[in-house]
Amino acid sequence: MVLRKILLILLLTIMLSDVYAKEQRGQVASNNIKVATKFMNTLNDRQFAKSLMHEEFEFYFMGISQMANEKAYTKETYWTVWMDEIVGPRVPAGFTKVEVTEAIGDDNGVALMVEGDAEGINGRYNNSYVFVFRFEDGKIRHLREYASDLMVETRLYKQKLAPTD
């Protein structure tokens, strides 16, 4: 009888531990989504956005456009090179819209679907993006940006489409 009670208590403890662990992962996932969304919504407030970034932050613009980078931008060069030297001159008036439309997350990372709108140097630049965030110590450690290479090349680099025949 004592053995049954011990086994029952042990089983209940394991079940409660599992429930607690799932709840904790859910809270971490929810927090990650909030941090990623805050980052996107506060890009104009560099100091605040920077506070959400891990000290070893790495950023890549993915794809095959001229903007794609092979070497990661750091917490500093994301602002001083990527935003000021790469994006800024191509979208001189800044973005008029950066709207998170959907978010998917877990305790390791987040994917945000984002709609953006701006006047690029060669016309309206209304791109759709996916930003993939990875977290470490509650801060953004890795960020990958996916966008339409066609929009980047035609609106930000003045490339023209040409038929292949």
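Close-up 1. Just past H4, Lys158 adopts a positive phi of about 60°. This is a predicted model, so treat that angle and everything below as computed. Helix H4 itself covers residues 149-156, and its buried residues are Met151, Val152, Glu153, Thr154 and Leu156.

**Close-up 2. Gly123, over in strand E4.** Here we look at a glycine that sits in E4. Setting aside neighbours within four places in sequence, Gly123 touches Ala118 and Arg155. Met151, one of the buried residues of H4, is 28 residues away from Gly123 in sequence, with 10.0 Å between the two C-alpha atoms.

**Close-up 3. Asn69, a buried polar residue in a loop.** Asn69 belongs to the loop between E1 and H3. Is Asn69 buried or exposed? Its relative accessible area is 13%, and because buried means under 20%, Asn69 counts as buried. The Asn69 side chain reaches the backbone oxygen of Phe59 at 3.1 Å. Apart from neighbours within four places in sequence, Asn69 has contacts with Phe59, Tyr60 and Phe61.

**Close-up 4. The largest nonpolar core.** This core holds 36 residues, and the ones with the most contacts inside it are Phe39, Met67, Tyr78, Trp82, Phe133 and Ile140. At least two residues each come from helix H1 (2-41), E1, H3, E3, strand E5 (128-136), strand E6 (139-146) and H4. Which element gives the most to this core? That would be H3, with six residues. As background, nonpolar side chains in soluble globular proteins tend to be buried together.

**Close-up 5. The largest pocket.** Its volume is about 560 Å³. The lining is made of 28 residues, with Leu43, Met83, Val87, Phe95 and Val98 lying nearest the centre. H1, H3, strand E2 (95-105), E3 and E5 are the elements that give two or more residues to that lining. H3 provides the largest share here, eight residues.

**Close-up 6. Gly138, between E5 and E6.** Gly138 is located in the loop that links those strands. With 41% relative accessibility, Gly138 counts as partly exposed. Along the chain Gly138 and Asn32 are 106 residues apart, yet their C-alpha atoms are separated by 7.2 Å.

**Overview. The whole chain, for orientation.** Zooming back out, the protein chain has four helices and six strands, in the order α-α-β-α-β-β-β-β-β-α along the sequence. Of its 165 residues, 36% are buried. Among contacts between residues at least 6 apart in sequence, 52% join residues at least 24 apart. The accessible surface comes to about 10400 Å², and 56% of it belongs to carbon and sulfur atoms.

Note on methods: Residues are numbered from 1 along each chain as its sequence is written. This is a predicted model: local features need pLDDT of at least 70, side-chain atom pairs count only at pLDDT 80 or more; totals for chains, interfaces and linings use all residues. Side-chain values use heavy atoms; hydrogens and water are left out. Buried means under 20% relative accessible area, exposed over 50%, partly exposed in between (1.4 Å probe, protein chains only). Contact means heavy atoms within 4.5 Å. Accessible areas come from the Shrake-Rupley method with a 1.4 Å probe; for residues, only the protein chains shown count as cover. A polar contact is a pair of N or O atoms within 3.5 Å; within protein, one must be able to donate a hydrogen and the other to accept it, and residues adjacent in sequence count only if both atoms are side-chain atoms. A nonpolar core is a set of buried Ala, Val, Leu, Ile, Met, Phe, Trp, Tyr and Cys residues joined through side-chain atoms within 4.5 Å. On a 1 Å grid over the protein atoms alone, a cavity is a set of points where a 1.4 Å probe fits but cannot get out, and a pocket is an open set with protein on both sides within 12 Å along at least five of seven lines; lining residues have an atom within 4 Å of a point. Grid points are joined across faces, edges and corners, and a volume is the space filled by probe spheres set on the points.
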